[in-house]
Amino acid sequence: MTAHPALGLVDAIAAQLDDPETMPLDFRTLYRQHLAYGPPGIALLHIELAALGLGPWQRAHDWLAAASRQPLTSGPDSYPFYGVPAFAHALSCAADHVPGSYHRALDAMDAQIAVDVERRLDAAHRRIDAGRLPQLVEFDAIRGLTGYGAYLLRRDPGSSTTRVVLDYCVRLTEPITHHGETLPGWWAETGPSGTSDDRFPGGHANTGVAHGIGGVLALLALAARNGAVTDGHHAALRTIRAWLDRWKQKADGGPVWPYWVTQAELRRGSLGSPAPRRPSWCYGTAGLARAQQLTALALGDTRRQIDAENALVAALTDPEQLKATTDNGLCHGFAGLAHAAARTADDAHPSTAGRLRAAIPALLTAVIPPGNDPELMATALLSDEQTGPGLLDGAAGIALALLAPSTTAPPRSAWDACLLLA
């Protein structure tokens with residue numbers, strides 16, 4: 001395993017997050033069940049380090065214990081990044097590497113998740129039958145059925161519960177008529193925040209991996225690659241891909257996709273002039289290029305695979321798009337870009353793999369410039385009140401995202417399955 005200076009920052013963050021008891025009580029209480037911000041996400045860092053032989057399993061266990069000292073939320077108030085499903089993801093990543101551990105707890109949580117998924121699916125199909133538009137929370141990767149699908153696909157790709165989630169995703173791609181207007185089945189009546197927004201009269205179609213149809217595309221593609229294919233599966237992949245093709249724009253830095261399409265843009269049939277956007281996982285080229293690469297691999301379409309990989313290379317080497325990236329986080333920062341690039345390079349065509357890997361060192365340097373002290377950087381990251389220690393925006397996520405790009409080895413645990421990157 002080739003070492004990289006960024007591993008010094010990983011080690012410093014992990015060392016300062018070695019014991020949950022050193023964290024403020026309000027953090028442990030407020031974020032206890034949050035995969036994005038709290039102990040389950042921090043546990044993922046220690047699970048991955050232990051699986052790589054770079055840290056002790058006891059740290060992972062301590063963080064899992066910190067999350068589960070009180071009952072976890074299930075039912076309508078839980079979702080993939082909160083409560084039982086969030087904890088189950090972290091626990092399953094540990095169980096994969098510690099034979100005989102955690103399985104009884106996981107079996108109980110899987111049973112509860114299956115009940116919650118059935119309830120959500122029933123509501124979603126009744127909504128479709130009634131001709132109503134969905135809320136983002138119904139299907140997105142953070143709060144909705146796509147996120148549940150990511151967990152189920154990894155735990156039991158051949159299960160009936162996995163199958164019915166994939167059936168729902170296929171149905172979501174069917175057009176819907178609303179007030180006499182034909183819309184894509186994932187058109188939300190609200191703004192991107194999930195609430196009514198005057199800037200989005202008539203709603204929008206969200207393209208992001210975190211909150212939009214990009215996540216559905218990634219899930220269906222990953223399922224197909226795992227042999228979990230349902231009726232209409234490939235047609236659904238092509239429907240989403242055609243939508244993204246329709247709204248793709250050409251810019252100096254390569255092809256770009258909008259974060260969303262508004263009703264006015266849909267009726268006009270065109271977008272405004274593309275402004276430089278950060279090419280992040282949650283919204284933008286990093287997540288969408290990976291989703292489209294996975295789709296091309298599932299469909300055996302080499303040309304489309306190379307196109308997706310070239311789009312990511314262009315984004316990662318375009319000064320304007322990189323200038324729009326203003327933080328180091330996993331969700332929409334430089335560490336996340338490096339991880340997405342590494343994951344994409346692992347599956348890339350020989351003609352593009354080298355260029356993807358060549359873009360990674362500059363991204364790592366953006367996270368930890370030469371001459372910076374890793375200990376001081378770790379302290380600064382952990383004391384940042386805006387981002388904190390968590391997975392999506394904070395220090396633990398930065399450390400996790402630096403591992404694969406720094407070592408040139410893919411993750412040993414499935415920690416990033418919740419992001420639909422693998």
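# Briefing: helix packing, buried loops and positive phi values

A210 is buried, with a relative accessible area of 3%; buried means under 20% relative accessible area, exposed over 50% and partly exposed in between, using a 1.4 Å probe and protein chains only. This is a predicted model, in which local features need pLDDT of at least 70 and side-chain atom pairs count only at pLDDT 80 or more, while totals for chains, interfaces and linings use all residues. Residues are numbered from 1 along each chain as its sequence is written, and side-chain values use heavy atoms, with hydrogens and water left out. Helices (H or I, at least four residues) and strands (E, at least two) are DSSP runs, numbered from the N terminus.

**Loop residues**

- A210 sits in the loop between strand 3 (204-206) and helix 10.
- Leaving aside neighbours within four places in sequence, A210 is in contact (heavy atoms within 4.5 Å) with D140, A141, I142, W281 and C282.
- From A210 to L419 the separation is 209 residues in sequence and 7.6 Å in space, C-alpha to C-alpha.
- G75 belongs to the loop between helix 4 (57-67) and helix 5, and its relative accessibility of 10% makes it count as buried.
- Not counting residues up to four places away in sequence, G75 touches Q112, D116 and R119.
- L17, in the loop between helix 1 (6-16) and helix 2 (25-30), is buried, with a relative accessible area of 0%.
- L17 touches M23, I42, H46, W63, L382, P389 and A396, residues up to four places away in sequence not being counted.
- L17 and L166 are 149 residues apart in sequence and 37 Å apart in space, C-alpha to C-alpha.

**Helix pairs**

- Helix 5 (residues 84-95) packs with helix 6 (residues 103-129) at an angle of about 145°, their axes being 10 Å apart.
- Axes are lines fitted to C-alpha atoms, for helices over the stretch in contact, and angles run from 0 to 180 degrees between N-to-C directions.
- The crossing of helix 5 and helix 6 is left-handed, meaning that the near helix is turned anticlockwise from the far one by less than a right angle; clockwise would be right-handed.
- On the helix 5 side, V84, P85, F87, A88, L91, S92 and A95 meet H103, A105, L106, M109 and I113 of helix 6.
- By class, that contact of helix 5 with helix 6 has 10 nonpolar, two polar and no charged residues. Nonpolar covers Ala, Val, Leu, Ile, Met, Phe, Trp, Tyr, Cys and Pro; charged covers Asp, Glu, Lys and Arg; the others, Gly among them, are polar.
- Helix 10 (residues 213-225) and helix 11 (residues 233-247) pack at about 145°, with axes 10 Å apart, and their crossing is left-handed.
- Helix 10 contributes I213, V216, L217, L220, A221, A223 and A224, which meet H233, H234, A236, L237, I240 and L244 in helix 11.
- By class, the contact of helix 10 with helix 11 has 11 nonpolar, two polar and no charged residues.

**Covered helices and the core**

- Helix 14 (residues 302-316) has 15 residues and should span 21 Å at 1.5 Å a residue, which agrees with the 21 Å between its end C-alpha atoms; the expected span is 1.5 Å times one less than the number of residues.
- Helix 14 is mostly covered, with 11 of its 15 residues buried, including R304, Q305 and E309.
- The buried residues of helix 14 pack against helix 11, strand 5 (254-256), helix 13 (285-299), helix 15 (319-323), helix 16 (334-346) and helix 17 (350-367).
- Helix 19 is mostly covered: 13 of its 13 residues are buried.
- In the largest nonpolar core, which has 140 residues, L9 and W281 touch the most other members. Such a core is a set of buried Ala, Val, Leu, Ile, Met, Phe, Trp, Tyr and Cys residues joined through side-chain atoms within 4.5 Å.
- Apart from neighbours within four places in sequence, L9 is in contact with V367, I368, P374, M377, A378, L381, I398 and L402.

**Positive phi**

- H179 has a positive phi of about 50° although it is not a glycine; H179 lies in the loop between strand 1 (176-178) and strand 2 (181-183) and counts as exposed at 75% relative accessibility.
- L420, in the segment after helix 19 (395-407), has a positive phi near 60° and counts as buried at 3% relative accessibility.
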